[in-house]
Amino acid sequence: LLLSACGSATAPQLKVIGVERTHRDNRTGVILVEVVNRAPRAMRLERLQYTFGADAQREARGDIELDRTVDAGGAVVVQVPVDLVSAGATPGETLQLHGELRAHQNDLQRTFPIEATLIAPDDGPASWDVPAELAPPATP
């Protein structure tokens, strides 16, 4: 998993802590993303817009409204619903999560890019290979 954020504000630490299949069917799942506020002030999460899939032709889009406050030094888990079939989740294939997390911090709206890589399991969407935490890319 690789999640990144950039800008002059203290960027949150973002990491995928798990992926779960929903109990309704094998078609959908939830990516669990931990958001850690490393800033000295609270951050209010507002929206997550994202794509998830194997490539541009096989991807699912999502837009989640969030109304969560992360205290300074605190953490929350955001559930990101994904359509595994539309995402082209074939066994062993690399899947990408790309998006933007919008938040208010220090009375300013901030946007933090998100990128994560997951490997589709050999036995279908019932289990996932979620890499250990990886360092975020260098920020501009």
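Figure 1. Read along the sequence, the protein runs β-β-β-β-β-β-β, with seven strands and zero helices. The model shown here and in the following views is a predicted one. Among the contacts with a separation of 6 or more, 64% are accounted for by residues 24 or more positions apart.

**Figure 2. Close-up of the largest nonpolar core.** This core has 30 residues, and those with the most contacts inside it are I31, L45, L48, F52 and V80. At least two residues of the core are supplied by each of strand 1 (13–21), strand 2 (28–36), strand 3 (43–55), strand 4 (58–70), strand 5 (75–83), strand 6 (94–105) and strand 7 (108–119). Strand 3 provides the largest share of this core, with five residues. When its neighbours within four places in sequence are left aside, V80 is in contact with G29, V30, I31, V33, L48, Y50, I64 and L97.

Figure 3. Between strand 2 and strand 5, the antiparallel pairing extends over nine bridges, and V33 stands opposite V78 in strand 5.

**Figure 4. Close-up of the salt bridges around R47.** Side chains of opposite charge can pair when their charged atoms come close. The structure holds five salt bridges, one of which joins the side chains of D63 and R47 at 2.7 Å, N to O. Because D63 lies in strand 4 and R47 in strand 3, this pair ties together parts that are 16 residues apart in sequence. Both residues count as partly exposed, D63 at 44% relative accessibility and R47 at 26%. The side chain of R47 also meets that of E65 in a salt bridge at 3.9 Å, N to O; E65 lies in strand 4 and R47 in strand 3, so this pair ties together parts that are 18 residues apart in sequence. E65 counts as exposed, at 64% relative accessibility.

**Figure 5. Close-up of the R61 and E59 pair.** R61 forms a salt bridge with E59, in which the closest N and O atoms are 3.2 Å apart. R61 is exposed, with a relative accessible area of 67%, whereas E59 counts as partly exposed at 26% relative accessibility.

Note on methods: Residues are numbered from 1 along each chain as its sequence is written. This is a predicted model: local features need pLDDT of at least 70, side-chain atom pairs count only at pLDDT 80 or more; totals for chains, interfaces and linings use all residues. Side-chain values use heavy atoms; hydrogens and water are left out. Helices (H or I, at least four residues) and strands (E, at least two) are DSSP runs, numbered from the N terminus. Contact means heavy atoms within 4.5 Å. A nonpolar core is a set of buried Ala, Val, Leu, Ile, Met, Phe, Trp, Tyr and Cys residues joined through side-chain atoms within 4.5 Å. Buried means under 20% relative accessible area, exposed over 50%, partly exposed in between (1.4 Å probe, protein chains only). Two strands pair if DSSP finds at least two bridges between them. A salt bridge is a side-chain nitrogen of Lys or Arg within 4 Å of a carboxyl oxygen of Asp or Glu.
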